[in-house]
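Trainee: Please go through the labels used for this structure. I want to know what stands behind each one.

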Amino acid sequence: MQNYLILVEGQTEEYLLKKLNVIGKIQIFNLWDKDVQKIARKFKSNTAVFVVYDTDTAQSQSNIARFNANLAFLKQGGQLKGILQQTLNFEDELVFACDALRNKQVLFQTFNAVNANEFKNKFLKSNNPIALLEKQGFDKMKLWKQNVSANVDNNYHKYLADFSYLPVR
C-alpha cells in the first residue's frame, strides 16, 4: 500500500488539504528553511512525497540551494512525486481558484477579516471554509496550476503537479 506525505509551509495549507479530504500525512515542513534529511528516516519505504511551496518571499542563495538539494534528496530516494507551487502565497492561490474573487481584500471580506493575519486566523477557526470559498466560485482543480519558479532547478520541472495529482478520499 502506498503511503503519502504532503509537505506544506504553513497551517493554512495543512488545514485546506485536510478539508479537501487529501489522504496521507500532511506535515508542516518548509523545504526552503530546513533539511528534509532530518525527517527522512521516518519515511516508510513506499512513501510518495508531494511538496506544496510558495514564492512570495525573496529567497537567499542558500535557501534556494537548500530547496533544490531537498528536492534532489527526495528524487534520489524515489520519493518525490510532485511539486505544487502556489501563486505567490496562500491567499493569492485562493483568489486564483475562486472565480468571483478579484483580489485578496474580497477574500478577506469573505471571512470577515481585514488583513492577511486576521484572515489566516479566521480561516483556521472556520468549521467549513470550503463552503465559504465555494460561494466565491472555488474550484479546487485550479489550485497550484502555476509555472515553476526560476528558483527551482530545471531538473524538477517535470515534477510540477496540481491538486488533481494529490490522493483524495
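Mentor: Start with D92, which counts as buried because its relative accessibility is 16%. Buried means under 20% relative accessible area, exposed over 50% and partly exposed in between, with a 1.4 Å probe and protein chains only. The model is predicted: local features need pLDDT of at least 70 and side-chain atom pairs pLDDT 80 or more, while totals for chains, interfaces and linings use all residues. Residues are numbered from 1 along each chain as its sequence is written, and side-chain values use heavy atoms, without hydrogens and water.

Trainee: Where is D92 found, and what does D92 touch?

Mentor: D92 is found in helix α4. Leaving out residues up to four places away in sequence, D92 touches T87 and K104. Contact means heavy atoms within 4.5 Å. Helices are DSSP runs of H or I with at least four residues, strands are E runs of at least two, and both are numbered from the N terminus.

Trainee: Why are α4 and α6 called roughly perpendicular to each other?

Mentor: The axes of α4 (residues 90-97) and α6 cross at roughly 70° and come within 11 Å. Axes are lines fitted to C-alpha atoms, for helices over the stretch in contact, and angles between N-to-C directions run from 0 to 180 degrees. Angles of 65 to 115 degrees count as roughly perpendicular, under 35 as roughly parallel, over 145 as roughly antiparallel, and the rest as oblique. The two helices are therefore roughly perpendicular.

Trainee: Which residues of α4 and α6 meet?

Mentor: F90, E91 and L94 in α4 meet A116, F119, K120 and F123 in α6.

Trainee: What makes α1 roughly parallel to α6?

Mentor: The axes of α1 (residues 11-19) and α6 (residues 116-125) cross at roughly 30° and come within 10 Å. That angle makes α1 roughly parallel to α6. In this contact, Q11, T12, Y15 and L16 of α1 meet K120, F123 and L124 of α6.

Trainee: What is the order of the strands in the sheet, and which are edge strands?

Mentor: The open sheet has 4 strands in the order β2-β1-β3-β4, with parallel pairing. The edge strands are β2 (25-28) and β4 (80-85), since each pairs on one side only. Two strands pair if DSSP finds at least two bridges between them.

Trainee: How many bridges join β1 and β2?

Mentor: Strand β1 (residues 3-8) and β2 pair in the parallel sense over 4 bridges. V8 stands opposite I28 in β2.
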